Amino acid sequence: MSFKATGEHNNMNQTSQSQYGFVDLLKKPVEIYVFIDPLCPQCWSLEPFLKKLTLEYGRYFTIRPIISGKLTSLNAEAFQKPEDLAKVWEKVASRTGMSCDGDLWFENPVSSPWMAALSIKAAELQGKKAGMRFLRKIQENLFLNKQNISNEEVLLRCAKESNLDVEEFKEDLHSDSAKRALQCDLKLTREMEVEEIPAIVLFNQQEEEEGIKITGLYPYNVYVNVLQEMMQKEPQAAIKPSLEEFLEYYRFVGTQEISVVFDWSESKTECEMKKLQLKQKVEKHPVKYGTFWRYVT
């Protein structure tokens, strides 16, 4: 589904400059809006594809996460049926390979979806990269560690683990600025007619043309093809980093993420990670579905 880009969007990042790698400095022609909900397992399952797309084609685009509120709604009715939510989580984990433990909804359920969503906007007040690090951290705590990410103590710990200014984050969590930012995201969700998540909307910032919207999870090549269509030329994939460089940058990743990024089978990924484990460069973290790895050197 596609639609006309608004004037507000076209002016949003006209002057933005981004560095790619260590050499090239250029304006990125495409902006990708990623509509997510921190409690949505399908959004979590999008992570491997976003990592691969960023590594291969990141010099062509910027990513802007938008909190859609489609799961939270912030909809109390959904949270009255924990068994339904648990089933969805388990099903998604089995299908996608990105672990999410549905037992959370029986053992330590999220009590305030609104607070979880608000915390991401509070983190983003310290910069876009800070917001993305924080989003990843609360997803890890929610899906892997069964933490109630609406609990302020959990959020403060995630802020610390994301290298945020914790005092500033604590203040922003209860600020009007964070609330306004979240309301802007919810408004954008309505304006772009995002009815399901995850959803990705691509805009070419250099052209007055329609955006392209992709709803749901698709094979990786679909995202590459849409990027190509948006750019009206075939983008060149960058040379991937080595496995160690990848791990050093992301620090904590799943077997599924590594397999997708490097086009490896699960068994090859496990073999390569065992080699690094023997060299004491990574720690293995078994989770309910599969394995995550922490880079330690």
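The dialogue below takes the features in turn.

Author: Start with the ground rules. This is a predicted model, in which local features need pLDDT of at least 70, side-chain atom pairs count only at pLDDT 80 or more, and totals for chains, interfaces and linings use all residues. Residues are numbered from 1 along each chain as its sequence is written, and side-chain values use heavy atoms, with hydrogens and water left out.

Reader: How many helices and strands does the chain have?

Author: Helices (H or I, at least four residues) and strands (E, at least two) are DSSP runs, numbered from the N terminus. Here the chain has 14 helices and ten strands.

Reader: What percentage of the residues are buried?

Author: Buried means under 20% relative accessible area, exposed means over 50%, and partly exposed lies in between, with a 1.4 Å probe and protein chains only. Of the 297 residues in this chain, 52% are buried. The chain exposes about 14,400 Å², and carbon and sulfur atoms supply 48% of that; such areas come from the Shrake-Rupley method with a 1.4 Å probe, and for residues only the protein chains shown count as cover.

Reader: Which residues have the most contacts inside the largest nonpolar core?

Author: In soluble globular proteins, nonpolar side chains tend to be buried together. A nonpolar core is a set of buried Ala, Val, Leu, Ile, Met, Phe, Trp, Tyr and Cys residues joined through side-chain atoms within 4.5 Å. The largest one here has 76 residues, and I32, F35, F134, F169 and L202 have the most contacts inside it. A second, separate core has 13 residues, including L55, I258, V282 and W293.

Reader: Which residues does L202 touch?

Author: A contact means heavy atoms within 4.5 Å. Leaving out residues up to four places away in sequence, L202 touches V30, E31, I32, G211, I212, I214, V226, L227 and M230. For the chain, take the contacts between residues at least 6 apart in sequence: 68% of them join residues at least 24 apart.

Reader: Where is E83, and which residue is it compared with across the chain?

Author: E83 is in helix α4, residues 82-96. The C-alpha atoms of E83 and W105 are separated by 7.3 Å, while the two residues are 22 apart along the chain. E83 counts as partly exposed, at 39% relative accessibility.

Reader: How many disulfides are there?

Author: A disulfide is a pair of cysteine sulfur atoms within 2.5 Å. By that rule the count is zero. Take C100: the nearest cysteine sulfur, that of C40, is 9.3 Å away. C100 is buried, with a relative accessible area of 0%, whereas C271 is partly exposed at 41%.

Reader: How many aromatic pairs does the structure hold?

Author: Rings of Phe, Tyr and Trp (its six-membered ring) pair if their centres lie within 6.5 Å; planes under 30 degrees apart count as stacked, over 60 as edge-to-face and the rest as tilted. The structure holds 13 such pairs. One of them is F246 with F262, an edge-to-face pair at 5.5 Å centre to centre and 90° between the planes. This pair links distant parts of the chain, with F246 in helix α12 (residues 243-250) and F262 in helix α13 (residues 255-262), 16 residues apart. Both F246 and F262 are buried.

Y249 and Y250 also form an edge-to-face pair, at 4.9 Å centre to centre and 90° between the planes. Y249 is exposed, with a relative accessible area of 62%, and Y250 is partly exposed at 22%. There is also an aromatic cluster formed by W44, W89, W105, F143, F252 and F292.

Reader: Which lysine lies over the face of Y250?

Author: A charge sits over a ring if NZ of Lys or CZ of Arg is within 6 Å of the ring centre and within 35 degrees of the ring normal. K51 lies over the face of Y250, at 4.8 Å from the ring centre. K268 lies over the face of W264, at 4.9 Å from the ring centre.

Reader: Which peptide bond is cis?

Author: The bond from I197 to P198 is cis, with omega near -5°. P198 lies in the loop between α10 (176-191) and β6 (199-204). E193 is found in the loop between α10 and β6, and its phi is near 55°, a positive value in a residue other than glycine. Q280, in the loop between α14 (266-278) and β9 (282-286), has a positive phi of about 60° although it is not a glycine.
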